[in-house]
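Hi,

Here is the structure I said I would pass on. Have a look at it first, and my notes follow below.

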Amino acid sequence: MEYILHILVIACIYIILTLSLNLIVGYTGLPALGHAAFSCIGAYTSSLLALNAGLSPWIGLFTGDCVAAISGIVIGYPAVRLKGDYLALATFGLGVIVYSIAKNWVSLTRGPMGLPGIPGFSVAGFQLSGIWSYLLLVLVFVAITIFIINRIVNSPFGRILRSIREDEIASESLGKDTTRYKLLVFIIGAFFAGIAGSLYSHYITFIDPSSFTLIESITILLMVIFGGMGRISGSIVGAIILVVFPELLRFLGMPSSIAAPMRQMIYGLLLIFLMIKRPQGIMGVYRFK
Amino acid sequence: MLQQLILNGIIAGSIYALIAIGFSVIYRTVKFFNLAHGIVYTAGAYFAYTLTISLHLNIILSFFLSIIFAALLGIAIDRCFYYPLRKKSASNMIFLLASFGVFIFLQNLIQLIYGAQILTIRTGPVKEGHHLCGAVITDIQILILVVSSLLLVILWLFIQKSKLGKAMRAVSDDPIAANVVGINPERIIMTSFVIGSALAGAAGILISYETNIEPTMGFSAILKGIIASIIGGIGSIPGAVLGAFFLGLAENLGIWKISAGWKDCIAFAILIIFLLIRPWGFLGTKTEKEKI
């Protein structure tokens, strides 16, 4: 039971990541490949504040999001000036840069040794220790994320995002400052990815750079594409299926030295298959142009 | 110290040049970022390992056999995965993601077969290198420099002089017009995959004589290859060579004062600076800029 609940918590964290990436990739049509960088920044900020300054995880969560959002400006600024493949490559590169900072700035992040003993959340003086209470907390955040992203994509702002996705020149000709909107989308996406990273770090109580590699970014992108580009329900379904399904490999009695590459191989094949057969995903409305 | 760093930069640059040129040759005909190119490089190293260590073949024979296997792998990837996408005239981004899928799949397949640990081809004891203007160069590093420059010259002659090379340039300039004058684009794409993959395989084999090999080695290699091609001017072969040596030197001089872990960071910082300031690279034409 513990195990199933643990998988559910992880799935919920991925739902937040997938939704925030879907806003950038699916709704605005920007092929960003470095999403794990934002959750990395959120997770490290939040954990370092809790460990070194002894601040409450709530303050860490909030600061972590804001720092992630600021990094969204820094990363988005060069990225949104590029198109297509080059944007993908630049965000890729920025993902590598954030990863290697986490890995090489040993005096701050302890590098590959990671940060152990990150404190968990507490609500009104009670330490959240049981996995049930954690699931509840994460579900609240998932609900908030779904609510806000739903409001964003159904607002006039969301309509502009979709117009950028469908025809950027046309929306520019109607007087929309598309660069500004794309940057805003990066900031919002980074903010929610920061929440996910912070929740993850306080739940697992240990983080190291290997949780935020490029493969991780691609996994999140695969969840977005698999579920459906530009659809909120798609992201939820995609994240849940792709978190739960590889766990079934464990029940087949595979040792982890085989199960880990096996899982990646399935992801790789799934990505190829989707690109050939259905590039918009199960219930998506957009495919890469 | 400085001389050693420059020498290391030149050696790294010659490996990057092989990867970058292979990548550019493929890019010129198919016009997408083929990330699976990196796994051909890894596979080249593992083919060499299997043939030399497991099957005890002669090292020269295994070198050539591994190059042939790498070229066959390149064709197989193209036929199995890219051909169906070409039939649907998919967009560049879809090709890029599919090639990343191929990369992840094959990298983990290699890991499943050989395990995640590092392997080494080197058998005998490590010999002391030769001293050259204050730097130390080993026999294998000399071999890398000689073989890679030889391959570069052969490739240059092939593309400039041979009929097939001319057809490749024609397809890269204008695929439709090339088709009109009777050049079969599928045949040219296959040729470019053969040449590109053979070069990537050769780079992988050469590096396997110099250092240890591991399944994840291709990722950083292909990224360096792409960065070298972009800063040299995407699609330009002399540009790819120039970009590769520039990148190799910049990386190795950059870590003069800081730890070697920052190499990837330096490479991508250079890429982003180039994308913002001079996206068409050193030798690229400005028309490419419109796509960026």
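Let's start where the chains meet: 32 residues of chain A are in contact with 34 residues of chain B, where contact means that the C-beta atoms of two residues, placed from the backbone, lie within 7 Å. On the side of chain A that touches chain B, the elements giving two or more residues are α4 (84–104) and α12 (256–277) of chain A. The largest share, twelve residues, comes from α4(A). By type, that side of chain A divides into 21 nonpolar, six polar and five charged residues (Ala, Val, Leu, Ile, Met, Phe, Trp, Tyr, Cys and Pro count as nonpolar, Asp, Glu, Lys and Arg as charged, and the others, Gly among them, as polar).

Before you go further, note that this is a predicted model: local features need pLDDT of at least 70, side-chain atom pairs count only at pLDDT 80 or more, and totals for chains, interfaces and linings use all residues. Residues are numbered from 1 along each chain as its sequence is written, and chains are lettered from A and ligands numbered from 1 in the order in which they are written.

Now for chain A as a whole. Its secondary structure comes to twelve helices and two strands (DSSP runs numbered from the N terminus: helices are H or I, at least four residues, and strands are E, at least two). Along the sequence the pattern reads α-α-α-α-α-β-β-α-α-α-α-α-α-α. Of the contacts in chain A with a separation of 6 or more, 77% are between residues 24 or more positions apart. The C-alpha trace spans about 55 × 45 × 35 Å along its principal axes.

Cheers
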